[in-house]
Each structure stands twice: as C-alpha cells, then as structure tokens.
Amino acid sequence: MDGPERNAPSSPPRDFSPSVTSFDARGPSPVSENPVVAPLVHQSGVQNASSPRDLAARSESARRRPRSKGAFSHPPPRAMGLLTIIKKVKAKEKEVRILMVGLDNAGKTTIVKRVNGEDIGTISPTLGFNIKTMDYKGYRLNIWDVGGQKTLRSYWRNYYEATDGMVWVVDSADVRRLRDCKDELRKLLGEEKLAGASLLIFANKQDIPGALTKEEIAAVLELETLGKRHWRIESCSAFTGEGLLEGFDWCVGDIGARIYMHD
C-alpha cells in the first residue's frame, strides 16, 4: 500500500447516508465513502505529487514495499454486505404467483376483493386483467385475475409464465354452462407451462338456491381423472366469504410445500 499521502484532499462532508467502512490493508477505517467515487479518492495522493521526481520516488517505493498477503483478494466490505443483504431479503420474500381464471360472471374479482377486505358493492366485468398483491400467512401473493369472456380466453396463454398455482372459479348455479366450463378447464390443464401448478377449484355461489354441491361439480369436471396433479375443490360464496380462506389456505400451503420445502 502507499505510504502517508501528501496534500490529500480533506474528507468530504458527512451526509445522512449509511456509513460504509473503507477497505485498506492496514485494517478497516471508519470513513464514510461513496463507492462510485472511491477509486478517485484513493488515487488523489498520486495525482497531487509535488514534482515528477517525487512521483517517480513514490512509485519505486511502492513497487519495492512487500504487499500484505491477500490485501485485495476479497471485495470491499460494502460489496460483501450488499450481497448478504440481498440474499437475506430474497430468502424472506416468499412470492407466489397465482392465476385466477374461469368463465365470465363466475365471481373471480369478487373473491379477490373479499379476501383482500375490499368493498364488493360495485363489481364490473373484467375486460382484461387485474393484478392484486397481498401478504397472506408469510407469503407475498401476486394474484392475476383474468377476464373470462369468450373473446378473451385466447389471451389466457399470455399469463401462464411462472404460475405457481391456479384458481379455477365455477358458477355453481349456472348449470347450463358447466360443459363449457369443463372444456375450458381441460384446455388449461393441457398447457405445458402450467404442468406443475397447484389447482384450486372454487365451487362459487353456494348462497344461491339450486346451486350444485362441490361433489356434483367435481363429477361434472371429472376431477378424479387428473392423475398426479395437486388439486382441491372447495365450496364457497364470494358474497358471504364462506370457504374462501379454507381454499386459499390449501393452495398457498401446497405451493409452499413444493417451492419452499428447503427453507
């Protein structure tokens, strides 16, 4: 390392940024530095040499002086600290991406709003998609609520990437469209990008008289033929909130057991 510097510039005024310990072979020195300008600061002693002779003498002295073993074999403490912090943050942020789909008017948006504690008095059809982010039992849920109109279903494939779980919402009182519901679900489950995603089926609108039970819905959708797919069907009412938390508990728990099993 260089000897005592001459004409070294005075230390810059302190600000309110976090203190950073500078790295030096002689040991840590509690000097607050900006890491971007740090190299220029360390070079200032050479640039301020009083004459070419002084510069040559200093360079020769630095060349002959034995360098401390491993003086610069590691990154500065600031870089090491940032990497450690980033890793810790990523380990704590258990993010889960959930794709919520189903036929139009099944109650998808109402379910999301009810779970998130929002007002469900005015719900309009989803003409594209909504993204809702919420913290749920130690996980950060990113819920993609996609419109279910027939003209929009061909665009569902744009939202399959990195999906951890699917929530398929069924209008249990709309018996007339159950066959259509089954066909669309089968197409969805045939997508390669969704092969490993957990599947939660909400048999919604159980508060409406004449609604089919979850057992009847399961029989129509032929859920028993799904093989190794992780799935569950839950009776619910987006209007009253009944069954919603039980369904999300299973979905988030199943995803967490697969993705974060080594935490």
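This is a predicted model: local features need pLDDT of at least 70, side-chain atom pairs count only at pLDDT 80 or more; totals for chains, interfaces and linings use all residues.

Residues are numbered from 1 along each chain as its sequence is written, and side-chain values use heavy atoms, with hydrogens and water left out.

**The whole chain**

Begin with a cartoon view, which shows seven helices and six strands; these are DSSP runs numbered from the N terminus, with helices being H or I of at least four residues and strands E of at least two. Along the sequence the pattern reads α-α-α-β-α-β-β-β-α-β-α-β-α. Of the 263 residues, 36% are buried (buried means under 20% relative accessible area, exposed over 50%, partly exposed in between, with a 1.4 Å probe and protein chains only). Among contacts (heavy atoms within 4.5 Å) with a separation of 6 or more, 71% are between residues 24 or more positions apart.

**Helix α6**

Select residues 214–221, which form helix α6. Its buried residues are Ile217, Ala218 and Leu221. They lie on the same side of α6 because they cover an arc of only 100° around the axis, the arc being that of the directions from the helix axis to the C-beta atoms. These buried residues pack against β4 (165–171), α5 (178–189), β5 (198–204) and β6 (231–235). Just after α6, Glu222 takes a positive phi of about 55°.

**Aromatic pairs**

Next, display the aromatic side chains: the whole structure holds seven aromatic pairs. Rings of Phe, Tyr and Trp (its six-membered ring) pair if their centres lie within 6.5 Å; planes under 30 degrees apart count as stacked, over 60 as edge-to-face and the rest as tilted. Tyr136 and Phe248 make a tilted pair, 6.3 Å centre to centre with 55° between the planes. Tyr136 belongs to strand β2 (residues 129–136) and Phe248 to helix α7 (residues 244–259), 112 residues apart. Both Tyr136 and Phe248 are buried.

Select Val115 in helix α4 (residues 108–115). Leaving aside neighbours within four places in sequence, Val115 contacts Met134, Leu244 and Phe248. The C-alpha atoms of Val115 and Tyr136 are separated by 9.8 Å.

Move to Trp144 and Tyr159, whose ring centres are 6.0 Å apart with planes at 50°, so this pair is tilted. Trp144 is in strand β3 (residues 139–146) and Tyr159 in the loop between β3 and β4. Trp144 is buried at 18% relative accessibility, and Tyr159 is buried at 13%. Ring pairs also link Phe129 with Trp144 and Tyr159 into a cluster.

**Around strand β3**

What lies over the face of Trp144? Arg97 does, at 4.2 Å from the ring centre; a charge sits over a ring if NZ of Lys or CZ of Arg is within 6 Å of the ring centre and within 35 degrees of the ring normal.

Finally, select Asn142, also in strand β3 and buried at 19% relative accessibility. Not counting residues up to four places away in sequence, Asn142 touches Glu95, Val96, Arg97, Ile98, Lys132 and Thr133.
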